[in-house]
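Open the model in your viewer and show it as a cartoon. The tour below tells you what to select at each stop and what you will find there.

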Amino acid sequence: MSRSVLEALTSSTAMQCVPSDGCAMLLRVRASITLHERLRGLEACAMSLDTQETQCQSVWVARASHRQQGQQLQVHFGCFAVSVAQHLYVTLRTIPHFCGVQLDQRHLVEAGKLSYWVDRRRKAILVQVPRASGSPDYYVRLCLKRFTCEDAGAPVRVTANGVSQAVSLPYSQELPCLCLEGWSATPDAVRIQICPFENDTEALEVLWDTVYYHPESQTLSWEPACPVSGHVSLCWRPGPGAGCRKLQQSSQLVHRRVQYPLVDTQPQLCLKFSTSWGSWVRCPFEQRRFPTLPTSRCTCVTGGSHSSLPANAHSRPARSLQPQVTRQPPLPLPS
């Protein structure tokens, strides 16, 4: 028998909800075949790559007459019970089985079926975990997606009782890298992540608020709570609503923590963040009064020589208000 008898194999997931039993995930399998006089039926199997457990279903086909041979037929199998994030290997074979006449494909039960909603008042993410009877237990947790997804709360184990369950996961702060992670309680299970605040404007704003000033070392520092790709630079804003003019040679690539040592608390001195999301400006000395040393001074470089000027509320930006105080050529600054 030619392999062309089996034309196509498709699989998809669906959710079945019964008021008394809750919701369960199901796998639907369909096949497109060409009728053949030696074909008696079809067998579809779904094997879990996590547990090696296999479910099979058979559909019998009436013997094709001479006229019917070559005609196409659509076959719909019954549903297979599956669970979220399960990796499946789906096969389609003929009955009787002929060597080499088989179709197969891999299927991942997507986490998009893992329903959730955010309760901002209670600062919690509520997760609806649909479970199929006989499927393994399932874990859900919140984590901060950095190099790895670091714990932002203890994992919650959802037992496999065949009933859809709602789990409440509390969080302390809305961040773009705060993610919901779910995985089956089996060895080497695939983990699925959903980040509810990934494109949330308010969550992005929080990233630029972690600016700190250390008066003893006169160091201005910023450490993002989430990985950020872009540049940070010092800039000078003459007044409210005015544009912030970048100070030359103050730009730094964002990796983890950004530090600017020997910085005076000038109200017009700001930090400008330039990322793929856009640009933000934060002026840490504009409103708050940070403690400073009584004789706080900044080093200026003019014409290759060094001099010191007292920093006060009426100071204009020094001609080299750069954070790293080293012997360098003159640096042009805004007038």
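Helices and strands here are DSSP runs, numbered from the N terminus; a strand is a run of E with at least two residues. With that in mind, select Pro96, which sits in the loop between β7 and β8. The model is predicted. Now look at the peptide bond that joins Ile95 and Pro96: this bond is cis, with omega about -5°.

**Stop 1: the hairpin around the loop**

Select residues 87–95 for strand β7 and residues 102–108 for strand β8; the two run antiparallel and are joined by seven bridges. To see one of these pairings, pick Val90, whose bridge partner in β8 is Gln105. Six residues lie between the strands of this hairpin, and Gly100 takes a positive phi near 85°.

**Stop 2**

Next, select residues 41–48, which make up strand β3. Eight bridges pair β3 with β7 in the antiparallel sense, and Ala44 stands opposite Leu92 in β7. Toward its other partner, β3 is joined to β4 by seven bridges, again antiparallel. Here Glu43 stands opposite Ser58 in β4. The hairpin of β3 and β4 has five residues between the strands, and Gln52 takes a positive phi near 70° there.

As you click along a strand, keep a general point in mind: in a regular strand the side chains alternate between the two faces of the sheet.

**Stop 2: Gln57**

Stay in β4, residues 54–60, and select Gln57. What does Gln57 touch, leaving aside residues up to four places away in sequence? The list is Leu42, Glu43, Ala44, Phe77, Gly78, Cys79 and Phe80. For Cys79 there is a distance to display: a polar atom of the Gln57 side chain lies 3.3 Å from the backbone oxygen of Cys79.

**Stop 3: the three-stranded sheet**

Move on to the open sheet of three strands, ordered β17-β18-β22 and paired antiparallel. Strands β17 (211–214) and β22 (258–260) stand at the edges with a single partner strand each, so one side of each has no neighbour in the sheet. Neighbouring strands in this sheet are turned by 20° against each other on average, direction ignored.

Select β17 together with β18 (residues 219–222): four bridges pair them in the antiparallel sense. Then select Gln218, in the loop between β17 and β18. Gln218 is not a glycine, yet its phi is positive, at about 50°.

**Stop 4: a pocket**

Finish at the second largest pocket, which holds about 160 Å³ of space. To outline this pocket, select its lining residues: Lys145, Pro176, Cys177, Cys179, Cys195, Glu198, Cys226, Pro227 and Trp277. How many of them are nonpolar, polar and charged? The lining has seven nonpolar and two charged residues, and no polar ones.

Key:
Residues are numbered from 1 along each chain as its sequence is written. This is a predicted model: local features need pLDDT of at least 70, side-chain atom pairs count only at pLDDT 80 or more; totals for chains, interfaces and linings use all residues. Side-chain values use heavy atoms; hydrogens and water are left out. Two strands pair if DSSP finds at least two bridges between them. Axes are lines fitted to C-alpha atoms, for helices over the stretch in contact, and angles run from 0 to 180 degrees between N-to-C directions. A polar contact is a pair of N or O atoms within 3.5 Å; within protein, one must be able to donate a hydrogen and the other to accept it, and residues adjacent in sequence count only if both atoms are side-chain atoms. Contact means heavy atoms within 4.5 Å. On a 1 Å grid over the protein atoms alone, a cavity is a set of points where a 1.4 Å probe fits but cannot get out, and a pocket is an open set with protein on both sides within 12 Å along at least five of seven lines; lining residues have an atom within 4 Å of a point. Grid points are joined across faces, edges and corners, and a volume is the space filled by probe spheres set on the points. Ala, Val, Leu, Ile, Met, Phe, Trp, Tyr, Cys and Pro count as nonpolar, Asp, Glu, Lys and Arg as charged, and the others, Gly among them, as polar.
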